[in-house]
Amino acid sequence: MFAAERRQLILEMVRANGAVSLRELARVVQTSEVTVRRDVRALEAEGLLDRRHGGAVLPGGFTRESGFPQKSHLATAEKTAIADLAAGLVEEGEAIVVGAGTTTQELARRLARVPGLTVVTNSLLVAQALAHANRVEVVMTGGTLRGSNYALVGSGAEQSLQGLRVSRAFLSGSGLTAERGLSTSNMLSASVDRALVQAAAEVVVLADHTKLGMDTMFQTVPTDLITRLVTDEPPAHDDRAATELQALADQGVQIAVAGSSAGGAGGDPLPAGRQPRRDVPLPGPRRGQVPGSGPQLRSATVMGDQPPAERARVADLRRR
């Protein structure tokens, strides 16, 4: 493929999806990421797109939201790895909320095996993934269907969440920065996500590395409300993504990083010990928290990886 053809295809992909990672562009145009990076730089010089951490976006600073058909084909390996790792946070008999998104849909497929689980969601895709799980109770919000991401939004969805209290919220979005937190491109989706956050004692964000450093129009979760980020390993050359991860850790967010090669076909979890990951140590108490005022996890290690005695100790502290 000639350079002009490659760049035209890259431009069409960015226009169709709003944001595309360099890894995905290289796969589609069948060339190296180094070559794609040169093409993206040339297109940026012409004002046709903007470069971002490990990818390219529409010009103008804030990306528009992609539809489900486009997002479902982006960073699929990364989403699988993230879902595998995040599923280890959920325990039997727990009540959680799961927001809309292709990554949370992958998570839901793995949650079907957790007995006694109650899942509250505004996502038709999440509900569908759990529809045949005999031991999982699914509670759907009300609201108006938003067809682009198969989610229920609006005042009906928000009102149905009032008075709800669960242990964790699992959310994804369009962008994540240490300065602003999680954000999305749609006002209605952002409003429902904020209501989901208010219902949860902890907030877990699922975001692949292409969303790190991306900032979109509507904030959903400020950084100081994010308990944990589950993400994938950024490419070796993506220094900005690594910097963003460190900035999030410095603000007290627990970081769990799954290897992008992890994940089994058809939603099957990998056997123990086969999920490569890199955990970022916590810098200390959360912002505004008095040292020693509450239990502190020593690292971002997933609960499922801890010895049974340690897991029981942490669970007892949470109940207190």
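Two strands are said to pair if DSSP finds at least two bridges between them; helices (H or I, at least four residues) and strands (E, at least two) are DSSP runs, numbered from the N terminus. The model is predicted: local features need pLDDT of at least 70, side-chain atom pairs count only at pLDDT 80 or more, and totals for chains, interfaces and linings use all residues. Residues are numbered from 1 along each chain as its sequence is written, and side-chain values use heavy atoms, with hydrogens and water left out.

An open antiparallel sheet is formed by 3 strands in the order E1-E3-E2. Strands E1 (19-21) and E2 (50-52) are at its edges and have a single partner strand each, so one side of each lacks a neighbour in the sheet. E2 is joined to E3 (residues 55-57) by 3 bridges, and arginine 52 lies opposite glycine 55 in E3.

A further 3 strands make an open antiparallel sheet, ordered E10-E11-E13. Its edge strands, E10 (175-177) and E13 (218-221), each pair on one side only. Between E10 and E11 (residues 181-184) there are 3 bridges, and the two strands run antiparallel; leucine 176 has leucine 182 in E11 as its bridge partner.

Helix H5 (residues 76-87) contains alanine 81. This residue counts as buried because its relative accessibility is 1%, where buried means under 20% relative accessible area (1.4 Å probe, protein chains only). Although alanine 81 and alanine 258 are 177 residues apart along the chain, 5.8 Å separates their C-alpha atoms.

Note on methods:
Buried means under 20% relative accessible area, exposed over 50%, partly exposed in between (1.4 Å probe, protein chains only).
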